[in-house]
Structures are given as structure tokens and as C-alpha cells.
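User: Hi! Could you walk me through this model? I'd like to go from the strands to the charged pairs.
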Amino acid sequence: MNCMNSWFSSCLAAVVLLLLLATSVAASEFLIVDPVLDELLRVDAVTGNATVVGPLGYDAKNVDLTLRDDGRLFGVQNRAGGWDLLEISPCTGVVLSVTLGQLPGSNTAEGVAHVGNQLKVSVGG
């Protein structure tokens, strides 16, 4: 019985280690927008190497991104008279939709974040 507990403990430790490694690998990447080439890039946080995901098909200037828990990627960008909410394919980089944003008394978006799958856009005057 003691050998069985030892074997089980070793297997459990190995599984936990693999899960931790898998989590750290996934967390070591992030997405950015190249405003010069209008491309979505995947950056390895450990090495700093960037890989092109694909062209946006949209004139990007200064896009703030958030990747929701359901895997959907959103960004905001200011424009004359308001701001745009973009949905971007994290697989191809293509902008899937553009929603024009403008609230009374606010014409700039300062950032975008999410809580679960609910988007939060911070706006200013």
C-alpha cells in the first residue's frame, strides 16, 4: 500500500508540473498591433521575438487590446470625433467588425479591458 501511495504521489506531482508548464507557456505570449504595417503580432514575452499573425485590413494608429476569456480579441482606437471598438481575429489578425463609439461629453477612449466576457471601455473628455 505504501508503494501505491508513493507511485500515486509521483504521478500526481508530474501532472501538476506539466499543468504549471503549460500554463506558463500560454501566459508567456501576448498580442500587439504594429501601427506602421497594420499587422497583428504575437510576442514571446521570454525572448521578445515577434511573429506576424496577419494583416488587420484596417488603418491602425494606437490600438489598445484585450483578449476575453472566451478567446475573442477586442481593441479600441481613437479617431476624429470619437473612437472605434474593433473585433479582431486572434488567429488571422483580420479586423472582423468596427463599431463607432461616441458618448455625450467624451470623445476619446483611453483603454479597453474585460471582466469575464464583458468589455469595459474607459473613456475621457
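User: Which residue stands opposite Glu-39?
Analyst: Asp-34 does, with Glu-39 sitting in β2. Keep in mind that this is a predicted model. β1 and β2 are antiparallel partners, joined by six bridges.

User: And on the β3 side, what is the bridge partner of Glu-39?
Analyst: That is Pro-55 in β3. Strand β2, residues 39-44, runs antiparallel to β3, and five bridges join the two.

User: What is the strand order in that sheet?
Analyst: The order is β1-β2-β3, in an open sheet of three strands with antiparallel pairing. β1 (29-34) and β3 (50-55) are the edge strands; each has a single partner, so one side of each has no neighbour in the sheet. On average, neighbouring strands here are turned by 25° against each other, direction ignored.

User: How do strands like these hold on to each other, in general?
Analyst: Strands of a sheet pair through backbone hydrogen bonds, and the pairing can be parallel or antiparallel.

User: OK, now the turns. How many residues lie between the strands in the hairpin of β1 and β2?
Analyst: Four, and within that hairpin Asp-38 takes a positive phi near 55°. Asp-38 is not a glycine, yet its phi is positive. You'll find Asp-38 in the loop between β1 and β2.

User: Is Asp-38 buried or exposed?
Analyst: Asp-38 is buried, at 18% relative accessible area. The cut-off for buried is under 20%, so Asp-38 falls in that class.

User: What about the hairpin of β2 and β3, which residue in the turn has a positive phi?
Analyst: Gly-48, with a phi of about 85°. That hairpin has five residues between its two strands.

User: Switching topic: what is the strand order in the four-strand sheet?
Analyst: It goes β4-β5-β6-β7, an open sheet with antiparallel pairing. The edges are β4 (64-67) and β7 (95-101); each of them has a single partner strand, so one side of each is left without a neighbour in the sheet. The twist from one strand to the next averages 20°.

User: How many bridges hold β5 and β6 together?
Analyst: Seven, in the antiparallel sense, with strand β6 covering residues 82-88.

User: I keep looking at Gln-77. Where is it found?
Analyst: Gln-77 is in strand β5, which spans residues 73-79. Gln-77 is buried, with a relative accessible area of 5%.

User: Which side chain does the Gln-77 side chain make a polar contact with?
Analyst: The side chain of Tyr-58, at 3.4 Å. Leaving out residues up to four places away in sequence, Gln-77 touches Tyr-58, Asp-59, Ala-60, Lys-61, Asn-62, Val-63, Trp-83 and Asp-84.

User: Asp-84 is charged, so let's do salt bridges. How many does the structure hold?
Analyst: Four. One of them is between the side chains of Asp-84 and Arg-79, at 2.6 Å from N to O. Asp-84 is buried at 5% relative accessible area, while Arg-79 is partly exposed at 28%.

User: Last one: what does Arg-68 form a salt bridge with?
Analyst: With Asp-70, where the closest N and O atoms are 2.6 Å apart. Arg-68 is buried, with a relative accessible area of 11%, and Asp-70 counts as partly exposed at 38%.

User: Great, thanks!

Key: Residues are numbered from 1 along each chain as its sequence is written. This is a predicted model: local features need pLDDT of at least 70, side-chain atom pairs count only at pLDDT 80 or more; totals for chains, interfaces and linings use all residues. Side-chain values use heavy atoms; hydrogens and water are left out. Two strands pair if DSSP finds at least two bridges between them. Axes are lines fitted to C-alpha atoms, for helices over the stretch in contact, and angles run from 0 to 180 degrees between N-to-C directions. Buried means under 20% relative accessible area, exposed over 50%, partly exposed in between (1.4 Å probe, protein chains only). A polar contact is a pair of N or O atoms within 3.5 Å; within protein, one must be able to donate a hydrogen and the other to accept it, and residues adjacent in sequence count only if both atoms are side-chain atoms. Contact means heavy atoms within 4.5 Å.
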